[in-house]
Amino acid sequence: MSDEQLIHEILSGDNSAFKALMEKYQLQVFRTVVGFVHSKEDAEDVTQDIFVKVYQSFTSFKGESEFSTWLYRITVNMSINFINRNRKNRLLQSLEDIFHKPSGEKTPMEHLEDSERDHRIRKAIDSLPEKQRMAFILSKYEELPQKTIASVMNTSEGAVEQLLQRAKNNLQKKLTT
Amino acid sequence: MKMKTEQYIDNLIRREKQMEPNPFLSTRVMATIEKSQQQEVRKVPVWQAVVLAASIAAVAFLGVTIGNSYVDNASPEMVMNINDSQIENLGYYNFADYE
């Protein structure tokens with residue numbers, strides 16, 4: 001069933017159509033949220049909130065853009081709101097990630113180095129300016145084409161290209177110093 | 001160095017992309033939606049609460065008004081007469097007089 005048909009069913013009160021729509025998009029939403037929050041548990045909570053919000057806001061979806069674009073907009077905005085609300089908890093969580101990862105085949109020293117490097121990369125991504133971070137995550141985690149990213153962010157393709165280039169340069173700068 | 005940094009970033013993103021949500025996530029979301037719908041049904045509309053509050057206030061006001069409208073017509077003389085020692089001959093009960 002197409003998105004339009006599912007939306008029509010949802011608006012006429014069919015909750016199973018909403019479940020079908022959610023199952024179609026939940027992985028994309030979840031992956032995008034992971035790009036922002038870097039944790040499975042938080043990503044699940046935010047994904048749940050996003051779909052509840054989508055259900056409640058269906059009447060405001062006018063169909064002017066594609067459903068997926070509208071959904072990505074909600075996803076990005078709610079992920080950023082979540083990060084802003086939980087800044088303090090996230091710092092504690094990232095410290096926990098460094099010291100409490102299960103040991104694999106690597107030596108504890110190698111493991112600590114890897115965790116430290118991951119932590120630095122996550123911190124660098126999180127410290128990018130908001131628009132650069134949005135473009136970077138939609139491009140890298142979701143592999144969306146620049147045209148789609150431009151419509152999610154309400155901007156031009158050229159602007160997205162610039163944002164991605166700047167994000168890349170900023171990450172290089174932050175991680176090599 | 002630049003190449004290696006890019007590899008590290010791509011490696012982290014690849015690992016994070018491999019995370020999968022709980023298979024019951026959609027069931028969880030549907031349960032949350034149904035719960036919120038039930039709460040909405042149970043919620044008392046605002047106008048009903050306002051009407052109820054206004055009725056209670058009107059009844060209280062009416063009670064106070066009726067209470068204040070009561071006028072005590074008893075005169076002081078009549079109050080004096082309540083003492084029945086004046087209207088009843090207590091000497092009648094004096095056992096010694098009629099023995």
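Me: What percentage of the 177 residues of chain A count as buried?

Reply: 31% of them do, where buried takes 20 or more other C-beta atoms, placed from the backbone, within 10 Å of a residue's own. Mind that this is a predicted model: local features need pLDDT of at least 70 and side-chain atom pairs count only at pLDDT 80 or more, while totals for chains, interfaces and linings use all residues. Residues are numbered from 1 along each chain as its sequence is written, and chains are lettered from A in the order in which they are written.

Me: Ok, and which residues have the most contacts inside the largest nonpolar core?

Reply: A:Val33, A:Ala135, A:Leu138 and A:Ile149, in a core of 41 residues. Such a core is a set of buried Ala, Val, Leu, Ile, Met, Phe, Trp, Tyr and Cys residues joined through C-beta atoms within 7 Å.

Me: Which helix gives the most to this core?

Reply: Helix α2 of chain A, residues 15-37, with nine residues. Helices here are DSSP runs of H or I, at least four residues, numbered from the N terminus.

Me: And where does the core lie?

Reply: Between domain 1 (1-85) and domain 3 (127-177) of chain A, because both give residues to it. Those bounds come from an automatic or database domain assignment.

Me: Switching to chain B: how many of its residues are in contact with chain A?

Reply: 19, against 26 residues of chain A, with contact meaning backbone-placed C-beta atoms within 7 Å. The largest share of chain B's side, eight residues, comes from α1(B).

Methods:
Two residues are in contact if their C-beta atoms, placed from the backbone, lie within 7 Å. Helices (H or I, at least four residues) and strands (E, at least two) are DSSP runs, numbered from the N terminus. A residue is buried if 20 or more other C-beta atoms lie within 10 Å of its own, exposed if 12 or fewer, and partly exposed in between; C-beta atoms are placed from the backbone.
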